[in-house]
Amino acid sequence: MNDQNQPDEFADVNEVVEDEWESETTPYERIRHVVAHAYSPVSADAVADDALTTPKTARKHLETLAEEGFVETSPGEHGGTLYCRSPESLVVEQAADILEHVTTDELVTRVTEMRERLNEYRTEYGVDSPEELAVERTNQTLSESGSAGQEIDPETVREWKTLRRNLAFANAALSIGTAEQFVGEDDHSTDESIPA
Amino acid sequence: MEPLATARLDDYLDPAVLEVTLDDGLGEADSARIDIRWTTRGDYVFHYTDTEGVNLRWGKHPHGGEYRCVDGLEHYHPPPDASSDPDKVQDSCITQSSEALVTRAVLKLWRVAYHTDAYEPLNVGSNPP
């Protein structure tokens, strides 16, 4: 316990965090933050709500972010536009982050290990994907014949999906890392030039 | 000065938890950790644990009506053992949903608890004069 840096008084934690976030960031920063984590399509109004700004401002910045490839658009109901984080920009961002923190050797080892664990899921549950496993689980629940096989845990479906997603990021990092070795710096060992 | 916080992922390539280590804990605890999980669907848990063995947790995820005192998805597992007893799990005072705002709220509640040396402020949601 310490008497210095006493937190200010506040009446509602939910309101005070909004006020502080709003005063410490620009509308653009908040819109980018909100849509960065929009993994399924949302309307500009919804983004504006979460980003504490107006739909007009949200739409303006979302259009710019879409042009830059950070955001993907899709048609919504009633002629509106929906926005979500572009999977491509997410993959590139995650891959770059991994390459900064993990050596290529470790990456190769871990990709192999994660691939093996994915195969173990397939062998253990006798299905090819976590989606199929989720369907099996629903059937199991409907027929209530839980005694027939082992009960499928929703946690298992989620862990399988998570592993598959993380392996995809690791694979992308490995590919980009390998590609970078042959792109960029000029290869001076021969006099041949390569089409750019 | 407030205790230093250091964040790291449990596994950089296949992360399940973001661990935030705190150089001091609540009450008698010498140090503490807040473990954070956040899913692509916006479900989350912030789990506090310290060297005195005190645990508590803010969460938002489907619970199939199991926590009968909880109205929505946001709930709070109170200290000292972050109880999951359906009668003990309460509504969370955090009703925001975005990453930035929930994280700020947890930090704010933790600071009030730290400075008043009490657990109650963690789920009260206000810091009266």
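The model is predicted, so local features need pLDDT of at least 70 and side-chain atom pairs count only at pLDDT 80 or more, while totals for chains, interfaces and linings use all residues. Residues are numbered from 1 along each chain as its sequence is written, and chains are lettered from A and ligands numbered from 1 in the order in which they are written.

Chain A has eight helices and three strands. Helices (H or I, at least four residues) and strands (E, at least two) are DSSP runs, numbered from the N terminus. The radius of gyration of chain A, 24 Å, is well over the 16 Å from the globule rule for 196 residues, so the chain is more spread out than a compact globule. That radius is taken over C-alpha atoms, and the rule is 2.2 Å times the number of residues to the power 0.38. Buried residues make up 17% of the 196.

Now helix 4, residues 55–67. Which of its residues are buried? They are Ala58(A), His61(A), Leu62(A) and Leu65(A). Buried means 20 or more other C-beta atoms within 10 Å of the residue's own, exposed means 12 or fewer, and C-beta atoms are placed from the backbone. Just after the helix, Gly69(A) has a positive phi of about 90°.

How values were computed:
The expected span of a helix is 1.5 Å times one less than its number of residues.
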